[in-house]
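Open the structure in your viewer and keep the selection tool at hand. The stops below go from the whole chain to a single residue.

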Amino acid sequence: LVGRDNVWFETSLAPLFCLDRKQAERILTGHNPERLLFGSDFPWYKMDEEREYVESLAIPAELKAKIYSENAIALLGDK
């Protein structure tokens with residue numbers, strides 16, 4: 001489903017336990033940057049660990065900004 005405009009991806013759980021970093025980077029950079037969201041699976045997993053994982057990825061800072069907040073604001077609004 002990577003690259004399809006009608007699909008949203010979020011970052012929780014799978015990267016930490018199922019994907020190596022290179023594969024996670026390929027998925028995130030291969031998908032529409034406007035359709036990626038930060039996810040944590042809280043309370044089952046710690047948000048700081050999920051964020052540390054995203055921070056460790058070799059993806060552009062602009063993409064991380066979209067993942068962390070810009071896309072959620074665009075999707076849900078800023079109110």
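Select the charged side chains: the protein has 10 positive and 14 negative charges, and their mean positions lie 3 Å apart. Lys and Arg count as positive and Asp and Glu as negative, while His and the chain ends are not counted. Each charge is placed at NZ of Lys, CZ of Arg, CG of Asp or CD of Glu.

This is a predicted model, in which local features need pLDDT of at least 70, side-chain atom pairs count only at pLDDT 80 or more, and totals for chains, interfaces and linings use all residues. Residues are numbered from 1 along each chain as its sequence is written, and side-chain values use heavy atoms, with hydrogens and water left out.

Next, switch to a cartoon view. The protein has 4 helices and 2 strands, in the order β-α-α-β-α-α along the sequence. These are DSSP runs numbered from the N terminus: helices are H or I with at least four residues, strands are E with at least two.

Zoom out to the C-alpha atoms, which fill a box of roughly 30 × 25 × 20 Å along the principal axes.

Now select Ser-40, in the loop between β2 (36-37) and α3 (47-56). Is Ser-40 buried or exposed? Ser-40 counts as buried because its relative accessibility is 12%; buried means under 20% relative accessible area, exposed over 50%, and partly exposed in between (1.4 Å probe, protein chains only).

Last, show what surrounds this residue. Apart from neighbours within four places in sequence, Ser-40 contacts Ser-12, Tyr-45, Met-47 and Glu-50, where contact means heavy atoms within 4.5 Å.
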